[in-house]
Amino acid sequence: MSASSVLSSNAAVCIIGGGPGGLSAARALKRQGISYEQFERHSDVGGIWDINNPGSPMYESAHFISSRDLSGYADFPMPKDYPDYPTNQQIVDYVRSFARAFGLYDNIRFGVSVKAIDKLPDGRWQVTLENGEQRHYRAVICATGCNWDPSLPEIKGHFNGEIRHSVSYKRGEEFKGKRVMVVGAGNSGADISCDAATYADAAFISMRRGYYFIPKHLFGVPADEFAEKGPQLPMWVERPVFSVILRMITGDLTRYGLQKPDHKLFESHPLMNTQLLHHLQHGNIAVRPDVERYDGDEVVFKDGSREKLDLVLYATGYKWSAPYAGRYFEWQGGRPQMYLSVFNRVHRNLFGIGYIETNSSAFKLFDAQAHLIASYLREQSAGVERVRTFDELIAHDDPDLSGGIKFIKSQRHTVYLEVHALKRYLKKLHKRIGWPALRDGDYLPLLKPQVAAIPSTRNDPLKEAA
């Protein structure tokens, strides 16, 4: 098809991305009877969880950070034979089974990248594909995720060793025979540091600040399940109670060279990794402060100490870029500013799904976001007056979704939401607008009969791709 050819899909919606968020959007639109087309640059669904997807930040030891029973899509729970915290490959299998179960493969064009979107004078959206094909849509949902474009710190000096970002890291064997330092203490940085502690000749982790380490299990149950099913206490009660529990479990973390946190509990994204504490306790890895500069074979830290290293791996997060649509979003601290992290405040019918940081399972939040998008588009088609009320909220409403928490000032926390505050607000919003909230069982009529079971075991995906 020539670049000048345009196919019109005026009544349809375009979904860009076939990861978990894009699939959630597809199912929500399908349930509401809204036609859509979906584009995925890779050969299958799965997004970042597919380790074979070019640019995926996934690594072999990665597990889901929220627990099995609280993390599945609505009306499609994860299999009971999955562990409390599933592996990355189990998540891929689950996501693909979800797509099969709800017939979502039918509307996806694989191996197709979106080059650009452009707003037309009549308010519709023109989507240009990499092959030059152009299509027109009533709305666009950006679901290409936020963990693709590496964020790299600027550090002075020259380093003779190897410098990489964690997006390129896949397995622990890469550290064998090397003195390795991981920079950054997010959940990925903590995971990869444990791999370095296991495989490297010497392992270090560089941390700018101290963090609270939350065990994945509390009193024998997953930590998020413990928090969800327990009494919902006000923050002024919950914080001291939980702080006492943590001190009883982890003790004084400064004993292992970790800094004392410079913030209160819950004011930063939780670090769900006590395996790193195990390696610190056994001397398999050592903590170093923030990096000041490079000096040949050595790294110089801000306290003046030095370490000779072979490899520095940055686990310093990702830029939330969307090159095909970036000019249509307002960016602050590297994060797009949207109503409820979903609705573009200036450009109507341009949505984002998955551009959210929170302390809960992403998949269920994707469902909540997708349901709201689908309800809004359905009301537009019906010409209902209350759409205007919602348009006013998109433009001007600025709810406090912090849950009373004063999050630390960092790029990651620019759009951070407290999940219970978000749920309470959405409940009020649905009631105010008159749109039914998503209920258990709403998606069951879409389930296809006799869908193949999720495989419980699978060969090494990297070896399969070789």
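User: How do helix α1 and helix α3 pack, in terms of angle and axes?
Analyst: Helix α1 (residues 20-31) and helix α3 (residues 88-101) pack at an angle of about 20 degrees, and their axes are 11 Å apart. Axes are lines fitted to C-alpha atoms, for helices over the stretch in contact, and angles run from 0 to 180 degrees between N-to-C directions. Helices (H or I, at least four residues) and strands (E, at least two) are DSSP runs, numbered from the N terminus. This is a predicted model, in which local features need pLDDT of at least 70 and side-chain atom pairs count only at pLDDT 80 or more, while totals for chains, interfaces and linings use all residues. Residues are numbered from 1 along each chain as its sequence is written, and side-chain values use heavy atoms, with hydrogens and water left out.

User: What does that make α1 and α3 relative to each other?
Analyst: The two helices, α1 and α3, are therefore roughly parallel to each other. Angles under 35 degrees count as roughly parallel, over 145 as roughly antiparallel, 65 to 115 as roughly perpendicular and the rest as oblique.

User: Which residues make the contact?
Analyst: On α1 they are P20, L23, S24 and R27, and on α3 they are V95, F98 and A99. Contact means heavy atoms within 4.5 Å.

User: Changing topic, in what order do the strands of the open sheet come?
Analyst: The open sheet has 4 strands in the order β8-β15-β16-β17, with mixed pairing. Two strands pair if DSSP finds at least two bridges between them.

User: Which strands stand at the edges?
Analyst: β8 (156-159) and β17 (306-308) do, each with a single partner strand, so one side of each is left without a neighbour in the sheet. β8 runs parallel to strand β15 (residues 291-296), joined by 4 bridges, and K156 stands opposite R293 in β15.

User: Is L218 buried or exposed?
Analyst: L218 is buried, with a relative accessible area of 0%. Buried means under 20% relative accessible area, exposed over 50%, and partly exposed in between (1.4 Å probe, protein chains only). L218 lies in strand β12 (residues 217-218).

User: What does L218 touch?
Analyst: Not counting residues up to four places away in sequence, L218 touches A223, F226, F242, I245 and I249. L218 and I249 are 31 residues apart in sequence and 9.0 Å apart in space, C-alpha to C-alpha.

User: And which residues are buried on the faces of strand β18?
Analyst: In β18 (residues 311-314), L311 and L313 on one side and V312 and Y314 on the other are all buried. β18 pairs with strand β9 (residues 162-165) in the parallel sense over 4 bridges.
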